[in-house]
Structure formats: structure tokens, C-alpha cells
Amino acid sequence: MSDTETSENALSQDLEILPDDAAVDLQAEFEKSQVQEVLDKLDNELVGLVPVKTRIKEIAALLLVDRLRCRFSLSSETPTLHMNFTGNPGTGKTTVALRMAEILHRLGYVREGHLVSVTRDDLVGQYIGHTAPKTKAVIKKAMGGVLFIDEAYYLYKPENERDYGGESIEILLQVMENHRDDLVVILAGYKDKMDKFFESNPGMRSRIAHHLDFPDYSADELEQIADLMLADQSYKLSDCARRALSEYIPIRTGLPHFANARSIRNALDRARLRQANRLFASGNKQLKKEDLITLTEEDFRASRVFLDGKLDGDLADGTMNEIKIDNS
């Protein structure tokens, strides 16, 4: 499809046009869309984020009403749905983007409802003639769904005259305008950096309809997130381990490179590693289920966060070191 060719609006497909004196049941249409199922999934997956969840529900309501307007021939253009998600790492931006794709699909705004998540490296080439094919290939893959560009501000590097990010931005701008009925683009990153990005690229800002800011999690919310992660992996905390975790979280939030839910996941990974080494070191060859699923206080207290207020040397970058087994 060329940029000048108008594609068939997915929203207009299979919609019966109603006479002016007809009536529609808003609640029935909402239930038929099954959007509530996606909203419930979002509530179950992510702790807190009340402002973000509220905004997603508001957008879903707007889209449903717009869909009903189409049935009375009151709307002719697809609304601009491109979005900007700002916030620190680990605040749930990718998960919300995934659920947004589902909502858009169920309401008929995109054909397939899949999410394609990329960064600068997926879009920008390293030599002349490399960027356009890379960017277009990603866009082709995302068509009919949502394209999520994390750390989008890295696309623009004005200090480097030989940088090709500008070419990728130009292609994205054209697609966001000409194919907005078949692709939704969500940009994401730190708020201050995204603000500077938009200042340097006003054409991009004008194409963004919805700006959502993702707040950091509170200590209580981070503990709830830990409980969800542990339950998902069939682990539990001893009473003393829970107290240790409750002390760990506020200390960790004050250290460098804190990444909200990601940092909690890394902390649990380290605790699991220590548990495994503790079980091997105990010499107990007869383990019960309770031994295998319980994380104890020492699995957390051995962290350098407690010992000297620093990040653990292992797994500080989120990767797990090999478990060392001493068979002696």
C-alpha cells in the first residue's frame, strides 16, 4: 500500500450502520468487546499504577464510544492513538503496551493486536542505505498491531553528524500519519529525555495523542510485587525472610541503578541462588518440598545491600552467575 493510498479502516469493517432513531446499549457493547477481561488482566499483573490504569480505562471508554458513533456515521477518521509512556525502568510500560494492543484489537482499531518491541539498534543502521530497510522491516512486522519503541530518545543524536537516526524518525513520522488506521506507535523512556526528544522533533510530538507517566512503586507495592513473583515461581518466604525483605527494599531504592520491579526480580534471583547454595552446603541429601520452596532470612541477609549498603557483586546487572556446587 502506498503512502497516498487510503487503506480500509479496520474500525469500519463489520459495523452495521444504524438509523438516526436507533438506540444502542453501551454496557452490552462493552461486555461484547471483552475489554474488561483485558483490564482485569492488567490489574492482576501490575500492582499500583492507579493513574496509568485509570487512563487506560478512559482511553478504552473513548474508543468504545467512538466505535458506537461510527455506527451512526458520526465519525469518518480513525482517531490518533499513538502514545508516549514515560517513567523509570521496571514500572510496567511494556506490560501496559501489550494490554493496550489487546484492547485496540478487541475494539477493532488494529487488525491483529500483536506487540513488536524494539530499540534504536533494531531501527537504525550503521552505514548509508542501511537504516531505511531496517526501519521499514520493523514497521512491516508491526503493521496491524502496536510498535513499542523503548528509549526512543536515542533515535535522535544531533551531536553526531554521521548518525542515521534522523532517517528512521522521518520514516516513522510518515507511517504514523499515513497508516494510523493500521499501526499504533508507542514511544517510551525517561520523562526528561523524552521531553527533550519532543522539543527537538516537534513533528513527533504532534502525532502523539496520549501521554502517560508511570510513577515509581512505593515500598509496600514493591513487596506486593515480590509476593506475586514468588507465587508465580512456587516460592514462599519464611517469617524472618519477609522481615528481611521489608528492610531490604527501602535500602535498595536508595542505591544507584534502582529499576523498580526489575530490581526486585533480581533480588529474588539472588536469594534463590543463595538458597540453592545453602541447600548444597548443608549436606542434607533428603530434601522436602518445604525446603525447596522456602527462602529464609539468610538468603537475603547475605546481600551486600545489608552488609555495606552496596549492590551485590554478582547479578548487579541482572544476570545469574553459575551456581557453584561443592561435592566434597
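K41 is partly exposed, its relative accessible area being 28% (buried means under 20% relative accessible area, exposed over 50% and partly exposed in between, with a 1.4 Å probe and protein chains only). The model is predicted: local features need pLDDT of at least 70 and side-chain atom pairs count only at pLDDT 80 or more, while totals for chains, interfaces and linings use all residues. Residues are numbered from 1 along each chain as its sequence is written, and side-chain values use heavy atoms, with hydrogens and water left out.

**View 1. The protein chain as a whole contains 15 helices and seven strands.** Helices (H or I, at least four residues) and strands (E, at least two) are DSSP runs numbered from the N terminus. Of the 328 residues in the protein chain, 46% are buried. When contacts between residues at least 6 apart in sequence are considered, 77% of them join residues at least 24 apart; contact here means heavy atoms within 4.5 Å.

**View 2. A salt bridge joins the side chains of K41 and E102, at 3.4 Å from N to O.** This pair links distant parts of the chain, with K41 in helix 2 (residues 35–45) and E102 in helix 4 (residues 93–106), 61 residues apart. A salt bridge is a side-chain nitrogen of Lys or Arg within 4 Å of a carboxyl oxygen of Asp or Glu. E102 is buried, with a relative accessible area of 16%. E102 also forms a salt bridge with R106, and the closest N and O atoms of that pair are 3.8 Å apart. Because R106 and E102 lie four residues apart in helix 4, about one helical turn separates them. R106 is partly exposed, at 25% relative accessible area.

**View 3. R278 and D299 form a salt bridge whose closest N and O atoms are 2.9 Å apart.** Distant parts of the chain are again linked, since R278 belongs to helix 12 and D299 to helix 14 (residues 297–301), 21 residues apart. D299 counts as buried, at 1% relative accessibility. Elsewhere, salt bridges that share partners join E37, K41, E45, R99, E102 and R106 into one network. The structure holds 19 salt bridges.

**View 4. Helix 10 (residues 219–232) packs on helix 12 (residues 261–282) at an angle of about 50 degrees, with axes 10 Å apart.** Axes are lines fitted to C-alpha atoms, for helices over the stretch in contact, and angles run from 0 to 180 degrees between N-to-C directions. The two helices, helix 10 and helix 12, are therefore oblique to each other (under 35 degrees counts as roughly parallel, over 145 as roughly antiparallel, 65 to 115 as roughly perpendicular and the rest as oblique). Helix 10 contributes L222, I225, A226, M229 and L230 to the contact, and helix 12 contributes A261, I264, R265 and L268.

**View 5. L295 lies in strand 7 (residues 294–295).** L295 is buried, with a relative accessible area of 0%. The C-alpha atoms of L295 and K236 are 6.2 Å apart in space, although the two residues are 59 residues apart in sequence. Not counting residues up to four places away in sequence, L295 touches L230, Y235, K236, L237, S238, A241, A271, R272, Q275 and F300.
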